[in-house]
Amino acid sequence: MKKRYLLALLFSHLFVAGGGFIMGIYLLPIMTAPTAPQLSVLESTIQSREFSGQFSRERADSDLLHWGEGEFSISADSIAFVGSLAPGPDYRLYLSPKFVDTESDFNRLKSSMVQVGAVNTFDNFIVTIPDDVAPSNYSTLVVWCESFGQFITSGTYETVAQ
């Protein structure tokens, strides 16, 4: 009887500790994220955009905890996103020459992609494009979680008619 009680106590404590750890991993990026940029900050990129596209929750490897939804604009020097991403740690923005909507696609094509920068907010973001990167050489924007090797979302983009 005492052995059962001790085992039940051990498992209940491990369950609670494990749940707390998982919640900490999920909540820490939310608590430490900087304030999302206001629409007025994104406006210059949106107005001067050369390309535009959308992130959708309807990607093959998107799920309840890994998704993005909204519209992005790409100008000569920055990428602006108006929408929401599922919170998570260590998000990176990539440009891909081919459409990607699964982890396996991402891993297969990663050598042909270029990492643009870090995504630190989950509602709206703006990322500066490195000088040596030409978005016209790519067709797809991908959000990827580096820490866990997890696909978040993607979207193809097209030239905006001037």
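The legends below describe close-up views of a predicted model.

Residues are numbered from 1 along each chain as its sequence is written, and side-chain values use heavy atoms, with hydrogens and water left out. Because the model is predicted, local features need pLDDT of at least 70 and side-chain atom pairs count only at pLDDT 80 or more, whereas totals for chains, interfaces and linings use all residues.

**View 1. A nonpolar surface patch that includes Leu10**. Leu7, Leu10, Phe11 and Leu14 make a patch of about 410 Å², where a patch takes residues with over 30% relative accessible area and no salt bridge, joining like charges within 9 Å and nonpolar side chains (Val, Leu, Ile, Met, Phe, Trp, Tyr) within 5 Å. Areas come from the Shrake-Rupley method with a 1.4 Å probe, and for residues only the protein chains shown count as cover. Leu10 belongs to helix H1 (residues 2-32), helices being DSSP runs of H or I with at least four residues and strands runs of E with at least two, numbered from the N terminus. With 45% relative accessibility, Leu10 is partly exposed, a class that lies between buried (under 20% relative accessible area) and exposed (over 50%), again with a 1.4 Å probe and protein chains only.

**View 2. Strand E2 and its pairing with E1 and E3**. Strand E2 (residues 68-74) has five of its seven residues buried and is therefore largely enclosed by the rest of the structure. Five bridges join E2 to strand E1 (residues 51-55) in an antiparallel arrangement, while seven bridges join E2, also antiparallel, to strand E3 (residues 78-85); two strands pair if DSSP finds at least two bridges between them. Ile74 of E2 stands opposite Phe51 and has Ile79 as its bridge partner in E3, and a hairpin of three residues connects E2 to E3.

**View 3. The salt bridge between Arg49 and Glu71**. The closest N and O atoms of this pair are 3.1 Å apart, a salt bridge being a side-chain nitrogen of Lys or Arg within 4 Å of a carboxyl oxygen of Asp or Glu. Arg49 lies in the loop between helix H2 (39-47) and E1 and Glu71 in strand E2, so the pair ties together parts that are 22 residues apart in sequence. Arg49, at 23% relative accessible area, is partly exposed, and Glu71 is partly exposed at 35%.

**View 4. The salt bridge between Glu146 and Lys110**. The N to O distance is 3.8 Å. Glu146 sits in the loop between strand E7 (140-145) and strand E8 (150-159), and Lys110 in the loop between helix H3 (103-109) and strand E5 (114-119), 36 residues apart.
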